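Thanks for coming. I will go through one structure, starting with the whole chain and ending with a single sheet.

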Amino acid sequence: MRDCGRHACKRRCCNGDCPPCSEICGKRLLCKNHKCPSPCHRGACAPCPLMVTISCACGETQFEVPCGTEKDQKPPKCRKSCHVIPLCRHRSICKPHKCHYGACPPCRLICEEEYPCGHSCKLRCHGPRPPPNPEFTLKTKKKKSNHQSEVTPGSPCPPCPELIWRSCVGEHIGAERMMVCSDRTQFSCDNLCGNPLPCGNHYCTKYCHALKSQSSLSVEKRSAESCEVCSLPCQKERMPTCPHSCPLPCHPGECPPCKVLVKRSCHCGSMVHVFECIYFNTLSEKEQMAARSCGGPCHRKLPYCTHLCPEICHPGQCPLPEQCCKKVTVRCVCQTLKKEWHCLDVQAAYRNIGRDPKDISKNQFGLGLLRCNSDCKSKVQVVDSVLQSRKPKVEEKEPATEKHVGKRRKRRERVRVVNQASRLQRIFTAVKWLLLFVTLSVAVAAGLYYGYKGLLKLSDWMNEVEEQRQRKRFPRI
């Protein structure tokens, strides 16, 4: 082996005095960039003789150092501005900084990027930053710090942390809650829904729930609950106003015309007309009066005499009831003399006497207004004698014997026998009614007692059902 201890002499037999090794060393130097150019030797290699130029990122400031020591050297300080353009949204207002090694420092301004909800991000800028140039990256020997920045460079904005008032799914006034803006969870309050039903007349009585929308396909809307179906009868007031209710169930819009048949008597009460309700109510007051008239003579009796109204069927009181012109046969007291007067003269005659024509019956109307003469008196005497002769003779009745007993007497005796009932039978009847009264009292008391118990059990059962319903609707977390 030669002096280097690595290569053999490769000469034929010699006396051991071998020449120095002529090979190149070729070992990796301490700079770890070059190989040793010296002849093969023992021991450590000499330091690398080459020089390395260290410059700033822009290349304007530089100096030379021995190869292998550039890692321990501080980079040159350059007073010129960095020419790397920032990539965040503050590039136009970002302050310039000096030339440097590695990546540009993070932006210190507030992000202020607008969320879809309308709020702005209030964290420090976390937009993208230009990557560092590997040629001018300073590799220091300092230990890496475990401190992490608030926001990863280039990361999107976190969910909106603003606190806002959010209404329930039914959008009831006064049921809002303070929630984080980015929290999209929905909640329902304890109020009733209150939204108008499709009928347009009533409101939903379910608990607060989200409404279905055909135009929206979001998960919240697809899982919404529809309002109840109105099952009430129609309660609208018909136009024109009528006392009949609408036969249809509750519906939107106006009610159909009323076709109910209504009966209206004529003014005098002699006949009854039948009209459709919608037809009769659409008529004016005058047209209704004309339609109700039967077209015949009025059948109402005049107030001061026994005659009927001569006018055609009309509303209200009869015109000029004291001016009746019909003829009335007037007689004397014995009805021998008779004459024909006008009804108004008969009424005047009664008023002169001091009698009211209203109080006189139909049979006696006009009787006694004429004075009787001599013929009337003789006729009255003849009539009285004839009547006396026609009277049957009164015969004396013989006293009733036992063989001829009247029917009334037999009936009285029969009633007496019935009334003489035995005392035992009366007592039995009284006891029977007493037992019946006691039995009914016990039955009523038992019914009231068990009915009250049943109502208590029914109330407990309904409370349990309501509690189960509340547990299912609002399960505890």
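The accessible surface of the protein chain is about 37900 Å², and carbon and sulfur atoms hold 55% of that surface. Please keep in mind that this is a predicted model. The protein chain has 477 residues, and 21% of them are buried. As for secondary structure, the protein chain contains 7 helices and 9 strands.

Next, contacts along the chain.

In what order do its strands lie? The order is S8-S7-S9, in an open sheet of 3 strands, and the pairing is mixed. Strand S8, residues 338-342, and strand S9, residues 367-370, are the edge strands, so called because each pairs on one side only. On average, neighbouring strands of this sheet are turned by 65 degrees against each other, with direction ignored.

Which helix packs on the sheet? That is helix H4, residues 343-353, which touches S7, S8 and S9. The direction of H4 makes about 100 degrees with that of S8.

Let me go back to one of the pairings. Strand S7 covers residues 327-332 and pairs with S9 in the parallel sense, over 2 bridges. If you want a place to look in the model, find Arg331, which stands opposite Leu367 in S9.

To recap the sheet: S8 and S9 are at the edges, and H4 packs on the sheet. That is what I have for today.

Methods: Residues numbered from 1 in each chain as written. Predicted model: local features only at pLDDT ≥ 70, side-chain atom pairs only at ≥ 80, totals over all residues. Heavy atoms only, no water. Helix = DSSP H or I, 4+ residues; strand = E, 2+ residues; numbered from the N terminus. Axes fitted to C-alpha atoms, helices over the stretch in contact; angles between N-to-C directions. Contact = heavy atoms within 4.5 Å. Buried < 20%, exposed > 50% of the residue type's maximum accessible area, 1.4 Å probe, protein only. Areas by Shrake-Rupley, 256 points an atom, 1.4 Å probe, with all protein chains shown as cover.
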